[in-house]
Amino acid sequence: MECGVFHYLCSRFQSLVMRQSSSQKVSLGEKFGYSLGDAAANLVFQMMMIFQLKFYTDVFGLDGAVAGSVLMIASISAIIVDPTVGILTDRTNTRWGKFRPWVLWTAIPFCLFYILAFNNPGIEEKSMVATYATISYVLLMTAYSFNNIPYTSLGGVMTSVIRERTSITTIRFVVVTIAQFVVQGLTLPLVSHFSKGSSLQHGWSVTIGIFACVAFVFFIITFLVTKERIQPPPRQKMSIAEDVKNTVSSVSWNAMALLTFALFITLAMWGSAMNFYFQYNIDQKSLYDFLSHFVTIRQEDAYSLGFSAFNMMGAVVQFIGVICFSQYFANKYGKKKTFIICLSLTAFFTALFYIPTPTDVSLVFVLNFLKSLAYAPTVPLLWAMIGDVADHIEYENHRRATGFCFSGIVLALKLGLGFGGAIAGIIISMFGYVSGNEAVQNESAMEGIRLVSSIVPALLFCIGISALYFYPISKEYNENMQAELTARRRMAEREIK
């Protein structure tokens with residue numbers, strides 16, 4: 001009975017978008033439903049990028065280098081997992097398509113492993129804590145792969161229309177920015193609230209539990225409302241060797257893989273470091289005085305509320321920037337040119353975070369405003385460009401391997417995420433960081449925190465900028481490519497009929 005009801009609901013939701021199936025037009029409702037899947041993933045991803053390293057040092061009590069090693073080990077495991085997922089999804093054939101079913105099948109394990117990764121079941125011995133952290137984080141990263149690679153691949157087969165694809169990614173990242181706002185802005189206040197009268201671990205467990213439940217609902221909605229419109233060439237034979245060869249030999253794919261790796265190693269490093277930056281490098285009395293101009297707070301809450309306000313301001317600015325500038329710049333100048341200019345400005349403003357003294361709180365917020373505004377137009381473009389790469393590989397080789405193409409990019413993302421957090425942990429440990437929520441840091445440790453909050457990530461951004469110069473898909477090239485692919489697909493349909 002329950003199975004019948006589920007199938008009925010699936011068919012009813014699918015009928016809402018069925019009228020779109022004969023064209024490449026995607027309804028606003030489908031775009032929004034698709035976007036909720038990335039909002040769900042970002043309830044996890046933002047937590048890993050911003051809070052995982054500090055959670056391991058200050059709640060699990062691990063040394064910074066050990067905590068960084070946990071993140072690195074988990075990301076390295078993706079070298080095997082991610083290509084496997086890409087190969088599996090390309091060979092999946094169900095009534096719901098190739099990629100949509102995986103979003104449904106992985107919803108429960110993904111959310112369950114999310115909860116486990118932020119919960120210590122009572123282990124006290126540090127080596128065992130590190131072992132538990134490694135296993136639980138590897139499981140979380142594996143579930144992330146089985147969920148997010150099909151999800152991102154789905155975005156590449158919903159339409160081939162350039163403006164529609166850019167519109168999908170723009171709406172997607174508007175919704176993602178809201179999720180980012182929630183995680184970065186509300187996590188510490190929620191943890192503080194649920195920790196009252198209990199332990200800090202309890203506060204984290206309840207907060208993560210709430211986010212996991214919301215993520216599960218969003219994944220189900222994404223599965224129900226989306227549709228796959230682009231299929232591999234009808235006479236394409238399955239060949240893992242050909243898929244691997246065509247993908248890894250593509251200049252466009254290699255450029256995007258390097259960009260993604262550099263981008264996320266930088267974002268993970270900066271996001272993790274700024275958490276430490278706010279607690280130790282900014283003078284807490286000055287932060288309290290600054291915040292008191294806007295809200296009434298207790299001085300002991302200055303760090304948690306100040307860091308939350310910092311993140312929320314960045315999310316709001318990024319939200320406005322995505323809406324106002326991203327699609328406009330991409331349509332007028334092309335994705336590649338927009339990305340190069342905006343990422344260059346982002347690197348510049350990131351480097352300037354080395355300048356503020358501990359009492360220059362207002363300058364820190366001004367730099368965050370400028371950095372977020374510069375970065376905002378690039379946010380939706382990355383995945384739209386990767387969709388273009390999947391088309392480019394088909395264009396050159398007359399074969400399509402969307403899942404494998406996206407799995408390689410997600411692998412680069414996860415390696416960047418793990419290495420970024422690991423490098424941040426190792427550097428602050430080398431400079432003398434002492435783990436523990438109540439620890440006092442010396443001048444050397446604070447210098448290490450400043451470096452991984454400014455100069456080091458700015459230099460790594462420059463690697464991503466360099467990669468973009470090798471990306472061959474300009475605005476004009478993409479328009480010609482899409483016209484040719486559309487003609488090929490129509491010819492293939494006529495031959496079949």
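Some ground rules to start. Residues are numbered from 1 along each chain as its sequence is written, and because the model is predicted, local features need pLDDT of at least 70, side-chain atom pairs count only at pLDDT 80 or more, and totals for chains, interfaces and linings use all residues. Side-chain values use heavy atoms, with hydrogens and water left out.

So how confident is the predictor? pLDDT is its confidence in each residue, from 0 to 100. The chain averages 87, and 93% of the residues score at least 70. Please keep an eye on residues 13-22, where pLDDT stays under 50. For that stretch the model has 18 contacts beyond four places in sequence, a contact being heavy atoms within 4.5 Å.

Now to the helices, which are DSSP runs (H or I, at least four residues) numbered from the N terminus. Two packed helices are described by the angle between their axes and the distance between the axes. Axes here are lines fitted to C-alpha atoms over the stretch in contact, with angles from 0 to 180 degrees between N-to-C directions.

Take α8 (residues 162-195) and α9 (residues 200-225): their axes come within 7 Å and cross at roughly 135°. α8 and α9 are therefore oblique to each other, the class left over once angles under 35 degrees count as roughly parallel, over 145 as roughly antiparallel and 65 to 115 as roughly perpendicular. On the α8 side the contact includes V182, L190 and F194, and on the α9 side W204, I210 and F211 are among the residues. By class, this contact has eleven nonpolar, five polar and no charged residues. Nonpolar here covers Ala, Val, Leu, Ile, Met, Phe, Trp, Tyr, Cys and Pro; charged is Asp, Glu, Lys and Arg; the others, Gly among them, are polar.

Next, α11 (residues 251-281) and α14 (residues 335-351) have axes that come within 13 Å and cross at roughly 30°, so these two are roughly parallel. L259, L263 and W270 of α11 meet F339, L343 and T350 of α14, giving five nonpolar, one polar and no charged residues.

Finally, two single residues. Beyond four places in sequence, T152 touches Y34, R172, W383, F406 and V410.

K285, in helix α12 (residues 284-292), is partly exposed at 42%. K285 sits 17 residues from A302 in sequence and 8.0 Å away in space, C-alpha to C-alpha.

How values were computed
pLDDT is the predictor's confidence in each residue, from 0 to 100. Buried means under 20% relative accessible area, exposed over 50%, partly exposed in between (1.4 Å probe, protein chains only).
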